[in-house]
Amino acid sequence: MNSYAPPVQRLVTELSKLPGIGNRTAQRLAFYILRASAEDAAALAEAIREVKEKIGLCEVCFNLTDEPRCRICQDARRDHGLICVVEEPSDVIPMERTHEYSGVYHVLGGALSPIDGVDPEDLKISELLTRVVSPEGIPPAGADGQAGSEGRPAVREVVLATNPTTTGEATALHIAEKLRALSPQITVTRLASGLPVGSDLEYADEVTLGKAFAGRRSL
Ligand SMILES: [Zn+2]
């Protein structure tokens, strides 16, 4: 396999870094790209470059966005008193697909895993706590940046929708404890079981996830 010209080998190496792509598949993709038109290949390269340049994290919820604030946080029809906490931006999509949820999100950027060196300060946990106790600290979208207590309703409920894995459960418990200590009047719930244990939210079908959401329980 080292008989490829260096540019081809470089493409194979880069493609094989993608999740779920082994060396064999990387080679197949590389040859597909080589056969593709110059326009298609350039469009792929440009799409990758653009997504890295233009997509950042929402200043409120840390979801992916090409604006300072994501579309969900900007949406006045959403319930800003209800926050669903997820591990990754990719977890927002299946939650949205359930059509069970009309609140807003908070994306942690991972799950607690001391063995892998992921501690509370590596996740957006303190940002969540700040958001919960002082929603007025976040100026309403489109305003002149003035913070005002009329800007956001008080947070009533936090739904912990971290993955039903060891690290996801540990993260949910840690956050539940912090929230209880910080503001006992806030309801903290966890998605109901029915989700396959040990798997990622990303892979749950929308019916299962919708039911799990509807049956969330207090923590
Ligand atoms: Zn947002």
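**Figure 1. Ser183 in the loop between H7 and strand S6.** Ser183 is placed in the loop that joins H7 to strand S6 (187-190); helices (H or I, at least four residues) and strands (E, at least two) are DSSP runs, numbered from the N terminus. The model is predicted: local features need pLDDT of at least 70, side-chain atom pairs count only at pLDDT 80 or more, and totals for chains, interfaces and linings use all residues. Residues are numbered from 1 along each chain as its sequence is written, and side-chain values use heavy atoms, with hydrogens and water left out. With a relative accessible area of 6%, Ser183 is buried (buried means under 20% relative accessible area, exposed over 50%, partly exposed in between; 1.4 Å probe, protein chains only). Apart from neighbours within four places in sequence, Ser183 is in contact with Val132 and Val133 (contact means heavy atoms within 4.5 Å).

**Figure 2. The crossing of helices H6 and H7.** The axes of H6 (residues 125-133) and H7 (residues 166-182) come within 11 Å and cross at roughly 35°; axes are lines fitted to C-alpha atoms, for helices over the stretch in contact, and angles run from 0 to 180 degrees between N-to-C directions. The crossing is right-handed, a term used if the near helix is turned clockwise from the far one by less than a right angle. H6 contributes Ile125, Leu128, Leu129, Val132 and Val133 to the contact, and H7 contributes His174, Ile175, Lys178, Leu179 and Leu182.

**Figure 3. Thr130 of helix H6.** Thr130 is located in helix H6 and, at 46% relative accessibility, counts as partly exposed. Its C-alpha atom is separated by 9.9 Å from that of Leu182, a residue 52 residues apart along the chain.

**Figure 4. The zinc site.** The SG atoms of Cys58, Cys61, Cys70 and Cys73 coordinate the zinc ion at 2.2 to 2.3 Å; donors are N, O and S atoms within 2.8 Å of the metal (3.2 Å for Na, K and Ca), and water is not among the atoms, so sites may look incomplete. The 4 donor atoms subtend angles of 104 to 118°, which makes the arrangement tetrahedral (four donors count as tetrahedral if all angles lie between 85 and 135 degrees). In sequence, the donor residues follow the spacing C-x2-C-x8-C-x2-C. Cys61 lies in the loop between strand S1 (56-57) and strand S2 (64-65) and Cys73 in helix H4 (residues 71-74), so the pair ties together parts that are 12 residues apart in sequence. Both Cys61 and Cys73 are buried.

Note on methods
Tetrahedral: all angles 85-135°; square planar, octahedral: opposite > 155°, others 65-115°.
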